[in-house]
Amino acid sequence: MIDPGFFITFEGGEGAGKSTQIRLLAETLRAAGHEVVLTREPGGTPLAEAIRGLLLNAGEPPEAMTQALLFAAARHDHVSRVIRPAMRAGQIVLCDRFTDSTRAYQGEALAEDALEATILLGTSGLVPDLTLLLDLPPEAGLGRARQRGVAGDAFERADLGFHARVRERFLALARREPDRILVVDADRPAEAVAASIRALVAAHSAIDLAGAGA
Ligand code: Z5A
């Protein structure tokens with residue numbers, strides 16, 4: 001059975017503006033009368049948030065396959081307890097990072113077939129209806145993230161070359177799945193980015209944004 005809901009993921013590098021934009025789109029959709037679930041990965045359930053703590057704040061980062069399996073375990077709990085039920089209820093689910101982050105980040109160290117096997121275990125085959133890839137140079141994103149003044153997590157502490165390769169892997173995914181993954185230039189003021197996102201959602205879904213300033 002096809003779920004009546006709609007599943008949108010936000011992807012991109014560090015400090016690309018995902019949290020900002022997901023909040024703005026949620027406001028727009030709610031103003032248009034839609035029921036919206038706003039969630040994030042890793043996280044979204046108590047168990048998955050605990051796994052997030054293990055992944056991002058562990059002193060020594062776990063080995064790559066251990067990381068991928070922890071992301072998959074967190075995602076399985078999140079998908080089965082939050083995302084699927086919301087979609088069955090006809091809600092719009094907005095998720096800050098999902099499987100493409102696994103491909104872009106863990107793809108640095110793992111072979112594609114092994115990585116896809118962990119992704120399939122974590123999602124049970126759920127694929128986003130639409131993915132908005134917020135793209136900007138990693139120097140700009142890291143600069144924004146560091147301006148917030150919070151200590152960087154295990155991924156933020158990686159070198160600039162790593163973040164540049166993450167960006168390239170995201171863009172390669174968008175070239176491979178151009179109907180699902182839409183690239184948004186995130187190196188612009190937040191309101192300009194938000195306007196592009198509203199236009200893309202209106203053009204690539206049946207979601208009615210009328211009356212919400214789309
Ligand atoms: N990870 C993984 O490896 N594998 C996986 O499968 C998954 C995740 C799911 C944590 O993610 C890490 O998990 C992530 C990959 C890994 N690490 N990295 N890198 P996260 O989503 O929690 O962390 P994040 O990407 O680092 O989020 P972030 O730093 O909060 O960035 P953001 O959500 O994209 O940006 P933001 O919070 O909206 O904005 C950042 C700052 O910039 C903030 O001060 C804003 O006010 C400002 N901002 C926002 N938009 C603009 C514009 N347009 N102009 C100027 N300033 C702006």
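**Stop 1: a strand residue**

Select Thr131, which lies in strand β4. The model is a predicted one. Is Thr131 buried or exposed? Its relative accessible area is 0%. Buried means under 20%, so Thr131 counts as buried.

Now show side chains. The side chain of Thr131 makes a polar contact of 2.8 Å with the side chain of Thr9. Another polar contact links the side chains of Thr131 and Arg180, at 2.7 Å. Next, select the contacts of Thr131, leaving aside neighbours within four places in sequence.

**Stop 2**

Switch to cartoon and select residues 130-135, strand β4. Pick Gly12: opposite it, in β4, stands Leu134.

In which order do its strands come? Read across: β2-β3-β1-β4-β5. These five strands form an open sheet with parallel pairing. The edges are β2 (36-40) and β5 (181-185), each pairing on one side only. Neighbouring strands are turned by 20 degrees against each other on average, direction ignored.

**Stop 3: a helix across the strands**

Select residues 18-31, helix α1. This helix lies across β1, β2, β3 and β4. Colour β3 (92-96) for reference: α1 runs at about 170 degrees to that strand.

**Stop 4**

Move to residues 138-147, helix α6. Which residues of α6 are buried? Highlight Pro138, Gly141, Leu142 and Ala145. They cover an arc of only 95 degrees around the axis, so they sit on the same side of α6. Show α7 (160-176) as well: the buried residues of α6 pack against this helix.

**Stop 5: the ligand**

Finally, centre on the ligand. How many residues surround it? There are 25, and the closest are Glu14, Ser19, Thr20, Arg52 and Arg97.

- Ser19: an N or O atom of the side chain is 2.5 Å from an oxygen atom of the ligand.
- Arg75: an N or O atom of the side chain is 3.3 Å from an oxygen atom of the ligand.
- Arg144: a polar side-chain atom lies 3.4 Å from a nitrogen atom of the ligand.

Terms used. Residues are numbered from 1 along each chain as its sequence is written. This is a predicted model: local features need pLDDT of at least 70, side-chain atom pairs count only at pLDDT 80 or more; totals for chains, interfaces and linings use all residues. Side-chain values use heavy atoms; hydrogens and water are left out. Buried means under 20% relative accessible area, exposed over 50%, partly exposed in between (1.4 Å probe, protein chains only). Helices (H or I, at least four residues) and strands (E, at least two) are DSSP runs, numbered from the N terminus. The arc is that of the directions from the helix axis to the C-beta atoms. Contact means heavy atoms within 4.5 Å. Two strands pair if DSSP finds at least two bridges between them. Axes are lines fitted to C-alpha atoms, for helices over the stretch in contact, and angles run from 0 to 180 degrees between N-to-C directions. A polar contact is a pair of N or O atoms within 3.5 Å; within protein, one must be able to donate a hydrogen and the other to accept it, and residues adjacent in sequence count only if both atoms are side-chain atoms. A residue is near a molecule or strand if one of its heavy atoms lies within 4 Å of it.
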